[in-house]
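Hello,

Here is the structure I said I would pass on. My notes on it follow below the files.

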Amino acid sequence: MRVAFVGIQTTELLTFRREMLREMAAAGHEVLALAPERDAAVETELAAMGVAFEAVHLHRAGMNPVRDAWTMLSLARQLRRFRADAILVTAAKPVIYGTLAARLARVPMRAAMITGIGSALSGGTGTRRRVLATVVRLLYRTGLHRAHVVFFQNGDDEALFVDLGLVGRHQRRVRIAGSGIDLQAFRSQPLPDGPVTFLMVARLLRDKGLYELVEAARRVRAVHPDVRIRLLGPLDPNPEGITASDVDAIVAQGDVDYLGATEDVRPYLAAATVVVLPSYREGTPRSLLEAMAMGRPILTTDVPGCRETIESGHNGLLVPARDAGALAEAMLAMVETPAMLAQMGTAGRALVEARFDVHDVNRTILGAMGLAPATAPRSPGAAPGGEPGPAS
């Protein structure tokens with residue numbers, strides 16, 4: 001079969017979907033990945049996996065009816081030219097316009113993956129935000145009702161989409177454990193020596209709980225000035241995004257170090273003691289799964305998506321969202337009882353192995369889309385005869 005995958009960022013094709021695309025190709029399908037930007041390194045790696053790439057006219061931020069209509073029509077032409085038999089779309093704009101484009105192109109199997117509700121759909125105060133939320137809901141409903149299967153990463157998002165009528169109550173819905181984690185790429189490592197280091201890995205958005213972390217950091221370091229609080233992640237054009245000058249102001253306060261952005265989080269996770277994400281809502285946060293896979297305790301909020309990753313007191317601690325005081329108290333508890341951190345890290349690794357293995361997630365996705373091979377393909381990295389091969 002010819003399978004198209006549409007993502008919102010080219011680099012995320014490898015960050016989040018590498019193993020899924022690889023397994024689609026390994027199952028004998030002709031796979032085309034589409035995303036907005038060209039990236040020679042990404043395209044080279046995709047080609048080595050047997051996956052073709054094309055750029056698509058897609059703008060992440062803002063809504064422009066003329067531009068978005070052009071996105072839909074141009075994508076439909078690409079799908080017709082590829083003669084796609086199946087399409088999988090993820091993130092708001094690909095979900096909306098990708099499903100509509102696939103309907104125009106008469107793609108027989110149309111699947112959508114919901115990885116979170118986004119700032120527009122969550123509504124908020126102000127006339128502009130309410131109008132935007134209304135428009136986005138209408139677009140979601142129009143697009144998703146053209147999908148044959150909709151994947152959700154947590155039950156809260158699924159219930160919300162059903163209650164709002166964005167998916168039909170009898171439409172096929174499948175729950176998956178986030179994007180899954182490659183347990184060979186993210187191996188458990190001992191906690192580092194030295195002062196406790198908290199690391200937040202996220203796009204620099206207010207609704208990730210960024211400013212709650214900044215305030216909690218001030219309170220924690222007032223008691224334990226040797227504690228380190230670090231922030232890793234890119235700026236983002238999202239309406240909830242902060243600016244470079246905002247980052248400079250945060251760093252100038254002296255309690256949070258900004259590490260910039262990276263394509264490989266593993267060295268930063270290895271240098272962290274605890275990974276923290278005080279988000280307001282997620283799909284299933286990959287940053288926490290990666291941390292757990294590397295044996296790091298986590299500290300996150302009791303909100304949809306985040307709570308899927310944690311058994312509070314077992315592999316980390318859970319606090320209310322939008323509460324810098326509660327976040328600071330939990331951070332202090334972790335600093336002052338360091339003996340529990342290694343145990344929590346070990347528990348987190350076990351939880352990831354049991355529930356979030358990327359190959360289990362991909363098996364569910366391919367099966368639901370009718371793309372599973374007649375016999376399970378040899379897993380990437382396995383040597384002939386089924387024996388494990390060297391880790392890549």
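A term needed for what follows: two strands are said to pair if DSSP finds at least two bridges between them. Please keep in mind that this is a predicted model.

Strand β4

By that criterion, strand β1 (residues 2–6) pairs with β4, as four bridges join them and the two run parallel. One of the contributing residues is Val-6, whose bridge partner in β4 is Val-89. β4 is also joined to strand β5 (residues 109–114), by five bridges and again in parallel. There, Ile-87 has Arg-110 of β5 as its bridge partner.

Strand β4 covers residues 86–90, and five of its five residues are buried, so the strand is largely enclosed by the rest of the structure. Ala-86, Leu-88 and Thr-90 point one way from β4, while Ile-87 and Val-89 point the other way; all are buried.

The whole chain

The protein chain contains 15 helices and 13 strands. Its radius of gyration is 21 Å, close to the 21 Å that the globule rule gives for 392 residues, so the chain is as compact as a globular protein of that length. Along the principal axes, its C-alpha atoms fill a box of roughly 60 × 60 × 40 Å.

Of the 392 residues, 52% count as buried. Among contacts with a separation of 6 or more, 70% come from residues 24 or more positions apart.

Regards

How values were computed. Residues are numbered from 1 along each chain as its sequence is written. This is a predicted model: local features need pLDDT of at least 70, side-chain atom pairs count only at pLDDT 80 or more; totals for chains, interfaces and linings use all residues. Side-chain values use heavy atoms; hydrogens and water are left out. The radius of gyration is taken over C-alpha atoms; the globule rule is 2.2 Å times the number of residues to the power 0.38. Buried means under 20% relative accessible area, exposed over 50%, partly exposed in between (1.4 Å probe, protein chains only). Contact means heavy atoms within 4.5 Å.
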